[in-house]
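Hi,

Here is the structure I promised to pass on.

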Amino acid sequence: MRALLQRVKEASVVVESETIGKIDKGILIFVGFTEGDSVKEIEYIANKIVNLRIFDDENGVMNKSLLDTNGSILSVSQFTLYANTDKGRRPSYTEALNPEEADRLYELFNEELRKYTKVETGKFQAEMEVKILNDGPVTIFIEK
């Protein structure tokens, strides 16, 4: 399981000209799954995300977590996190989990995140426009 986090001032997802997910201050998560991923990885990464101290405290030091700041999450499925670019010029996605199982794990991941905070989502396997106003920028990659 891979997650790419971006601390944002705001972010939204648009599908077919309709905004389907939108947050203000919080974390945008691009998440992808591979063979062998399970609830164990989901629980670990969800807990890690909401407790990472990546938000500024009153002294401008990244010392607060999403939970400390009452921030929200925008979760977007992203199989391309498993792109393999070792050969040629066209990425291979053979390491990405099949869509049916990935969709199931994506839903479980979002349910796990909702135990902690408000979560908005993109639409699995849809063509999405993701609008991001980065804060920092702060971008962190997590893999389990």
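Val-8 sits in strand β1 (residues 2–15); helices (H or I, at least four residues) and strands (E, at least two) are DSSP runs, numbered from the N terminus. With 0% relative accessibility, Val-8 counts as buried (under 20% relative accessible area, 1.4 Å probe, protein chains only). Beyond four places in sequence, its contacts (heavy atoms within 4.5 Å) include Ile-23, Ile-27, Leu-28, Ile-132 and Leu-133.

A word on provenance: this is a predicted model, where local features need pLDDT of at least 70 and side-chain atom pairs count only at pLDDT 80 or more, while totals for chains, interfaces and linings use all residues. Residues are numbered from 1 along each chain as its sequence is written, and side-chain values use heavy atoms, leaving out hydrogens and water.

Next, helix α3 (residues 99–114): its 16 residues should span 22 Å at 1.5 Å a residue, which agrees with the 22 Å between its end C-alpha atoms (the expected span is 1.5 Å times one less than the number of residues). Its buried residues are Ala-102, Leu-105, Tyr-106, Phe-109, Asn-110, Glu-112 and Leu-113. Seen down the axis of α3, they fall within an arc of 155°, so they line one face of the helix; the arc is that of the directions from the helix axis to the C-beta atoms. They pack against β3 (26–32), α1 (39–51), β6 and β7 (119–121).

Ser-75, in strand β6 (residues 72–77), is also buried, at 0% relative accessibility. Among the residues Ser-75 touches are Tyr-106, Phe-109 and Asn-110.

Best wishes

Key
Buried < 20%, exposed > 50% of the residue type's maximum accessible area, 1.4 Å probe, protein only.
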